Each structure stands twice: as C-alpha cells, then as structure tokens.
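Here are a few short notes for a first look. Please keep the structure open while reading.

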Amino acid sequence: MAFDDKVYEKLFANYDLLCNIIRQSASGSELKVDLSKIDAMINKRIPDVLKKNAPEDFYELYTDFKSEYEKFRDFILYDKLIGKNIVALGGGFSSGKSSFLNALMGKSVLPADIDPSTSVPTYIVKGEKHEVMGINVFDTKVQMQPRDIKKVAHGFGEVEDEDDEKVTDPVTLGHVLENIFFSTPLHKYENIAFLDTPGYSKPDSEKYSVKTDEQISRGQLNSSNYILWFVQADAGTITEEDIKFIKTLREGIPMLIILNKADKKNFSDLQDIIAKIKSTLDLKGVRYVDVFAFSSKTRQIEEDRLKTFIEEDAGKIREQIETWNRQVYESNFARNFKKLFFRCKEFYEDEIEEESRKLGRLNRLITKPVDDIAEEILEPLQLMVKEAQKNVNELQDIGKKLKELQDEFFTEIKFISDIVHIDMPEPSEIDLLQDKVQNPLQLIEQYKKEKGIQTDASIVDMLQDMFAGIEPVINRAAGGSEYREELIDIMKENCCVSPEDIHINDVYKNTEDYTKLISKTKTR
C-alpha cells in the first residue's frame, strides 16, 4: 500500500516515539549508585526471614516498605526531587486530580479522563523550561516531549491517509512506563513536587487495573509529605470506601480534602455537602486540614454566589499549598523504612512473651508431684513443653536476624544516601526515632486493666452533664501553621499590631529591639 509523504512522516514519528519509550539502557541501569545489595535484601532476604512467622498486616507493611524504596529510587533517578516536599494527589480513579493540576498551572499539560491501565504516576517540579523524562520498566531514562505525556496515556499511532481512511490503530504505552518526571516553569512552587497518582480502585471495580491497585496507591500516598484528597461533588459526600482507605494511611500526613467538580451543584447544596463531609470525617475520627470546593470550569458558572464561593475556596487551596511550600523539607525515608522493622520486632516480642507464659505454666504443671498428674497426660505435657520451647527459640532467632537485617539495611542505605545527598540518620540513630504514637485513651484503658481499676459510672455521668452542649473542636492541635495563623490573628486584634511587626519564632538577641516592639504594642 502506498502512502503520501505526510503519512510516512507521521508513521516514522510514531515509530521513533515507540522505540524511544521501550528501549533498554546499554549499561543495564542508569542509577548513580549500586543498589544491588538493597534490592537483594528487600526482594529476597526480608521475605525469607519473615515468611514463617509474620504479623497479620505484614503484606501491607511490606508493600509500603517497597513503595518507600521505589520513591527513594525515584529521588536518585531524578535528583530534582531531592529537597522537595512531595504533595501527592489521591482519591478514586477519575476524581479530577489531573484536571486540578492543569488548572493550577494554567494550562492543560496532563492527560485527563484516561483509561486506568494507561495512567502513569507523574512527578511535577518547578523548572526553567519544559522537560519531560520517563522511567520505563527496564529502569531506562527516556527523554520525552510534553506532548508525549498525553500520547502515552490516550494512545498514539492512529494515522489517516488523504482519504480519511485509518492506516494504523492507536496504541497506549502507560504499562511500559513506571514514572514520568515533568519539569516546567508553569509550576509555581519552589519547594514542592506534586505527585499525580493514578488513584485507587477495588479489584471488583470495572476501573480496576494493576496501576490503581489499593496497595500501590496506599504506598504512593504514604510516601508523601502532604496529601490532597479529591472527592467528586456528584457523590453528595465522601464515600465509605474513601474513608476506609484514608484510615489505612499513615497518621500524621496533613491532608486537605478537595470537593472537585463543584460547578455541578448549586450554592446551597454545595455548602450542605461540605458540612456533611466535615461531620462525617469528624465522626469517623479522620484527621484533615480542611474541606474546600474546587472547579476547573468557574467561567461557565452562572450562579454568582456559587462562582464567588468556589473562587474563594480556590484561593484558600492555593494559600494552603503555599504554606506547605514554605515548610522546610525533612526527609522521612528513615522513619518510614523503620516502620516494617519496628512492627515485626513488636510482633516477635509479643509472641515470645505469650509462648514464654505458656511454657511457664506447662513447666509448673509437670513439676508437680507425680501423684498429682495422671501418667497418661504427663508425656503429652512434656511434648507441649518441648514445642513451646522450640517456638520461643525460633522466634528469638528470627528476632535476632531481623535486627541484623535492620542494621545492615540502614548502614547500606546511609552509605548510598551520602553519595546522592539525601538526608538519612546514622544507623545508630534509627533506634531513637519515635516508634509510634499511642492513643492516650488506649494507654489509660491498658493501665486500668493492668491495675484492675474500675471507672465510677457516676463520674462518667457527671462529666457528660458538664460538657453537654459544648461543641468539640477536632483536628486543631497546638503548634503548626494553623495555630501560628490563629495566634497572629489574636495579636493583631488585641494588640493592634501590624503583620510586619509580628515575628513569631524569632529570637530577639537585642534587648533594646524587643523593648521597642513591646512599647510599640502598648502605645497603640
């Protein structure tokens, strides 16, 4: 079949893009450092050590651990991520994450409304010019053009001849790429890298794919510093599936809820939906920064109140992102890596304690006078003692191997981190990291149980009567940016101090300067 020159040009361009994306590096790896020891530990040695005895949640812990390692590798492959706070966009598939980023940058550069199997996790950072790089399944860096991002997701290669006859069918290549890194001057935040995730979907969902698996999505979000969680206004509130998923994420990651596609509701309904989302999250004990409405189609909104409300919320979203942008980056790799080791260590210690108690009871039983124990049960008891002792020995041995693996892992990853300039505590300092934050109520209940303390019902009734009618304030903790802004407002209102005169967290080394500021506030 003969084609004209224009068709041949399109075919050759498609062929070049295909060859570029699927090529394999001649050296086998484009990493600056040798990660073979770490790879062996993660993919073989850790599972081998733990395969016989592991916590029930080991699969989730291990998936998160591997996701954290993948992020660590991303930082090495694309060093523009180093020193950046990762703001991950999460939510159900097709909840408007890419459209939000397009609106934030003021230009449509990311593909939207795509098939789940073609979506690719995309990092976006600030840069002097548009540069796109992909990492394919062979760990090869692939230089791309901005227009190629949409081609990869939506499909490329569909060519028609001069008679509008289809010459070739479109081909999607999302399954060939692991990540895309996009540097652009449209990105306005110096210290933030956005991570556009494919979102999550359940295996029984028609939108499910390997890329949107819950475990993979959870790992991507758990590896971030901040989260923007997207809810569609069409749903009327946040779904139970979203809440269940959010509650499995690491506590302590600040999360802003964005009610997207808000233009599909009227002003009154939108306010009700936001109030319902807040009430539901508070009731379920989900921590969040705030809930704001958003739409990428504000120009098409005819209702003035609705348009003004959404535009004001969009401004608040940008303010929150700017607040995160001002935060000094603190590497959380070590803390997130440690979670697996700590949880397994905790599990083995509990199991050893339980088996030791069982062993103690059996030993006390078989050491009683022979007349007190029937001959027919003495031998089975002795076998149970041997089994319990064997279990204790095996658990202690696994615990020892786990500690050796932890020390070896952190020694190796510290060595690598120093080479690529990623902050990582010394291996000896890893043990000093806070292992977990316990709920104070759980500690009290545990203490009461251990001491045999019963709560006086009359005291509970008295406290309930005392606090009846008082509206609780949830998610507002002392400290942090929210408290700082509240403190500034209080100072401005009560001391008549202008914003430029307020220096929270500054240390006044010059007593004279401090005296002047105090006298200034008193005289106003």
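1. Start with the buried side of helix H9. This is a predicted model. The buried residues of H9 are Leu306, Phe309, Ile310, Asp313, Ala314, Ile317, Gln320, Ile321, Thr323, Trp324 and Asn325. As background, an α-helix has 3.6 residues a turn, so residues three or four places apart point the same way.

2. Next, the length of H9. The helix has 23 residues, which should span 33 Å at 1.5 Å a residue.

3. What is the angle between H4 and H9 where they pack? The angle is about 85°, and the axes are 12 Å apart. Here H4 covers residues 97–105 and H9 covers residues 304–326. Angles of 65 to 115 degrees count as roughly perpendicular, so H4 is roughly perpendicular to H9.

4. Which residues make this contact? H4 brings Phe100, Ala103 and Leu104. H9 brings Ile317, Arg318 and Ile321. By class, the contact of H4 with H9 has five nonpolar residues, one charged residue and no polar ones.

5. Now look at glutamate 355, in helix H10 (residues 333–366). Is glutamate 355 buried or exposed? Its relative accessibility is 10%, so glutamate 355 counts as buried; the cut-off is under 20%.

6. Finally, the surroundings of glutamate 355. Leaving out residues up to four places away in sequence, glutamate 355 touches Ala388, Asn391, Val392 and Leu395. Glutamate 355 and glutamine 389 are 34 residues apart in sequence, yet 7.8 Å apart in space, C-alpha to C-alpha.

Conventions:
Residues are numbered from 1 along each chain as its sequence is written. This is a predicted model: local features need pLDDT of at least 70, side-chain atom pairs count only at pLDDT 80 or more; totals for chains, interfaces and linings use all residues. Side-chain values use heavy atoms; hydrogens and water are left out. Axes are lines fitted to C-alpha atoms, for helices over the stretch in contact, and angles run from 0 to 180 degrees between N-to-C directions. Helices (H or I, at least four residues) and strands (E, at least two) are DSSP runs, numbered from the N terminus. Angles under 35 degrees count as roughly parallel, over 145 as roughly antiparallel, 65 to 115 as roughly perpendicular and the rest as oblique. Contact means heavy atoms within 4.5 Å. Ala, Val, Leu, Ile, Met, Phe, Trp, Tyr, Cys and Pro count as nonpolar, Asp, Glu, Lys and Arg as charged, and the others, Gly among them, as polar. Buried means under 20% relative accessible area, exposed over 50%, partly exposed in between (1.4 Å probe, protein chains only). The expected span of a helix is 1.5 Å times one less than its number of residues.
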